[in-house]
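This briefing covers one model, with points grouped by topic. Please keep the sequence and the structure at hand while reading.

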Amino acid sequence: MNTDPIADFLTRVRNAIRAKHRVVEIPASNIKKEITKVLYEKGYIQNYKFDDSTPQGSIKIALKYNPTTKQNAIVDLQRISRPGLRQYRGADNLPRILNGLGVAIISTSKGVMTDKEAKTLNVGGEVLCYVY
């Protein structure tokens, strides 16, 4: 049993990047699927696939690398809100990551989205992680 599945998701992706893997497989949940969709929309991962053949299911993520420099598109993933200390922000003071170059993934009442999308919809929520 895992007490923080989002931290496990981020750690698996981080470890796969450091090991230069092309694909990483992660046990699925609804929040992980939404985070994966946000990472894909913002161009941090190359592709993803949801496999529902088992009861829990899994997520296969194809990591994105620069073909010439072999650098990954994701430089760092940081877990912000954790089970022991939840971090909530209102719409007026959402964080800016690397002066707008990175994204903060926010869980709002309207779904999981980036900080920029939450600011345009004028909703706040739980700051899940930073990606840059």
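The model is predicted. Helix α1 spans residues 5-18 and helix α2 spans residues 30-41. The structure holds two aromatic pairs, and Tyr 65 sits in the loop between β3 (58-63) and β4 (77-79).

**Helix pair α1 and α2**

- The axes of α1 and α2 come within 10 Å and cross at roughly 40 degrees.
- The crossing of the two helices, α1 and α2, is right-handed.
- On the α1 side, the residues in contact are Pro 5, Ile 6 and Phe 9.
- On the α2 side, they meet Ile 31, Lys 32, Ile 35, Thr 36 and Leu 39.
- By class, the contact of α1 with α2 has six nonpolar residues, one polar residue and one charged residue.
- Lys 32 is the charged residue and Thr 36 the polar one, because Lys counts as charged and Thr is among the others, which count as polar.

**Aromatic rings**

- A pair of aromatic rings is described by the distance of the centres and the angle of the planes.
- For Tyr 40 and Tyr 48, the ring centres are 5.2 Å apart and the planes stand at 75 degrees, so the pair is edge-to-face; the cut-off for that class is over 60 degrees.
- For Tyr 48 and Phe 50, the ring centres are 5.1 Å apart and the planes stand at 45 degrees, so this pair is tilted.
- Tyr 48 takes part in the pair with Tyr 40 and in the pair with Phe 50.
- Tyr 40, Tyr 48 and Phe 50 form one aromatic cluster.
- Tyr 40 is partly exposed, with a relative accessible area of 38%.
- Tyr 48 is partly exposed at 25%, and Phe 50 is also partly exposed, at 25%.

**Tyr 65**

- Tyr 65 counts as buried, because its relative accessibility of 14% is under the 20% cut-off.
- In sequence, Tyr 65 and Ile 17 are 48 residues apart, while their C-alpha atoms are 9.3 Å apart in space.
- Leaving out residues up to four places away in sequence, Tyr 65 touches Ala 16, Ile 17, Lys 20, His 21, Arg 22, Lys 70, Gln 71 and Asn 72.

Conventions. Residues are numbered from 1 along each chain as its sequence is written. This is a predicted model: local features need pLDDT of at least 70, side-chain atom pairs count only at pLDDT 80 or more; totals for chains, interfaces and linings use all residues. Side-chain values use heavy atoms; hydrogens and water are left out. Axes are lines fitted to C-alpha atoms, for helices over the stretch in contact, and angles run from 0 to 180 degrees between N-to-C directions. Helices (H or I, at least four residues) and strands (E, at least two) are DSSP runs, numbered from the N terminus. A crossing is left-handed if the near helix is turned anticlockwise from the far one by less than a right angle, and right-handed if clockwise. Contact means heavy atoms within 4.5 Å. Rings of Phe, Tyr and Trp (its six-membered ring) pair if their centres lie within 6.5 Å; planes under 30 degrees apart count as stacked, over 60 as edge-to-face and the rest as tilted. Buried means under 20% relative accessible area, exposed over 50%, partly exposed in between (1.4 Å probe, protein chains only).
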